[in-house]
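These are my notes from going through the model.

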Amino acid sequence: MDITNTAVRSWVEEIARLTKPDRIVWLNGSDEEYAGLLAEGVRIGQLIPLNPDQHPNSYLHRSHPQDVARTEQCTYVCTMSQDDAGPNNNWMAPDEAYATLRPLFNGIMRGRTMYVVPYLLGPAGSSFSVVGFELTDSVYVAVNMRIMTRMGAIAFERLGDSPRFVKGVHSYGALDPQQRYICHFPQDLAVWSINSGYGGNALLSKKCFALRLASWLGKREGWLAEHMFITGVEDPQGRTTYIAGAFPSACGKTNLAMLKPAGQYSGYKIWCVGDDIAWLRVGADGGLYATNPEAGFFGVAPGTNMKTNPNMMATIAKNTIFTNVALRPDQTVWWEGLDLPANVDGFLDWQGNPWDPASGHKAAHPNSRFTAPLTQCPIYTPKWNDPEGVPISAILFGARRSTLVPLVCEAFTWQHGVYLGATLNSETTAAAAGATGVVRRDPMAMLPFCGYNMADYFGHWLNVGTRLTHPPKIYRVNWFRVDGQGQFLWPGFGENMRVLKWIVDRCDGTADAAETPLGYLPTLEALDTAGLDLSTEALQTLFDVDRDKWLDAARRQTDFFSKFGDRLPRTLLDEQQALINRLKEERRPRWKGAGPRLLRMNAGWSGS
């Protein structure tokens, strides 16, 4: 490949002098090159070929047991001022960070190959799109980047002679967790990562660039980079409503992005634009437009099956890289959530050790993954590649909460919606290192990914709203509320279409809602529950608003807001106080547009 961009060539030479690889390979993204990378991964033991009949052109990768998830304690935002990074980020001064990293990278690629990975995030010819490069010594990273991004000549065509590109430097090093660093330098548009090969720490186009650095770029340039899926809901008349949704990792974001309507909703179609990251800009018409900057899926395997996500199962049937799943003796993969055969002789767990159900541990790691091309998804839409993006009518903020939070709630205004997003909290999953099942705050599902002070981030959301003449409606959703025995009350998965239908109808102005202190909740007539095995008690619990518990939650939210000091927008404090005032009112809610039968969701707070 003839590299004419002097800024790119100079930077690659600089990093090569530091890391001292035996050779440098500039990748072009071709099929022939990809096949060669896969063969090299097999040769050096980073990839295991799978059954070519059951998993065509697919491979298994096993990572180090101490390198299986994002390590937030090792992740830094290196802004000039600590206040700019904010209390939501680990901070290190840029000079200190470079002084720490350069000795670790000195000679780290000796005896290895440096792969130069050019890529484009976003569609070609779009104002959304940004060019990045990753320099890595990992074949696993190189093949995953080929799936996850628009890689190769397309990046150079977009870049031209410009010196503006995101600079990613990665080495799996010695995989030493004590010397693991993932450092972001917003002012340099750079990310340096060492001693991890896990996707979220090593695929620098993903969380590192597409969220942390892009959120910083968006703040500076007036757009949003968000941890969101983008989905189109097409009704039987052919009208498509696009929805974006922010959920913490492993909380059902991908399943919702690929939902398969059934039963009375079989006349509807779902179109997947993306399942994880959205870049959003204000359009010339005053609406909000979104694009998926990525080209693939990096999904959680456990729990993915033909019931929960048949479209994803079809997507990963070929040309897929699996990470940390179990291996069957016929060289097919398995994970918890798939049917377990009666005979498990020869099963190997995610570390390559013999496994059976009596082993006392999971066969697949709870955060095991698959990487597959987006265009293999049966419901992917070519709108994914639209330079203008798709118009967003609704934004969902969802999380995993076993109590307190109703099934669905609509914000009163854009400002109130920003408050709903800012107060999002969720029970932790295996996608990040640490304990699972612990409730932690995760505003907009962006706490681990916001590349600057989150108080400024909230302010940026509010400022974007002032430029929207047609703002999307904003919703809070929760599929995970449980009964006294710990069983989920809502069936979820394909039945979530019932909630999406209400949301779409609300965007069209054709669905009723009831006004409560939290926001607008569906009336009994508006939310279709026909055919569900859902008792009246369960339905009431799904929408119960407990005044005392919500008042306590609001007070604790005030403590979280106080961490941001004077930088926190006053609007959020005003929304907080308005919520408290509504909760304290000793009167019944103002039911707006409600029919004769209302969801009895007010019993916990109205004093009745």
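**Entry 1: Q376**

I looked up Q376 and found its side chain 2.7 Å from the backbone oxygen of T315 (a polar contact is a pair of N or O atoms within 3.5 Å; within protein, one must be able to donate a hydrogen and the other to accept it, and residues adjacent in sequence count only if both atoms are side-chain atoms). The Q376 side chain also reaches the backbone oxygen of K318, at 3.0 Å. Leaving out residues up to four places away in sequence, I list T315, K318 and N319 as touching Q376 (heavy atoms within 4.5 Å). Q376 sits in the loop between β22 and β23 (390-398); strands (E, at least two residues) and helices (H or I, at least four) are DSSP runs numbered from the N terminus.

The model is predicted; local features need pLDDT of at least 70, side-chain atom pairs pLDDT 80 or more, while totals for chains, interfaces and linings use all residues. Residues are numbered from 1 along each chain as its sequence is written, and side-chain values use heavy atoms, without hydrogens and water.

**Entry 2: the sheet**

I traced an open, mixed sheet of five strands, ordered β2-β3-β19-β22-β18 (two strands pair if DSSP finds at least two bridges between them). Its edge strands, β2 (48-49) and β18 (296-300), each pair on one side only. β19 (residues 321-323) and β22 (residues 369-373) run antiparallel, joined by three bridges. I found T323 opposite R369 of β22.
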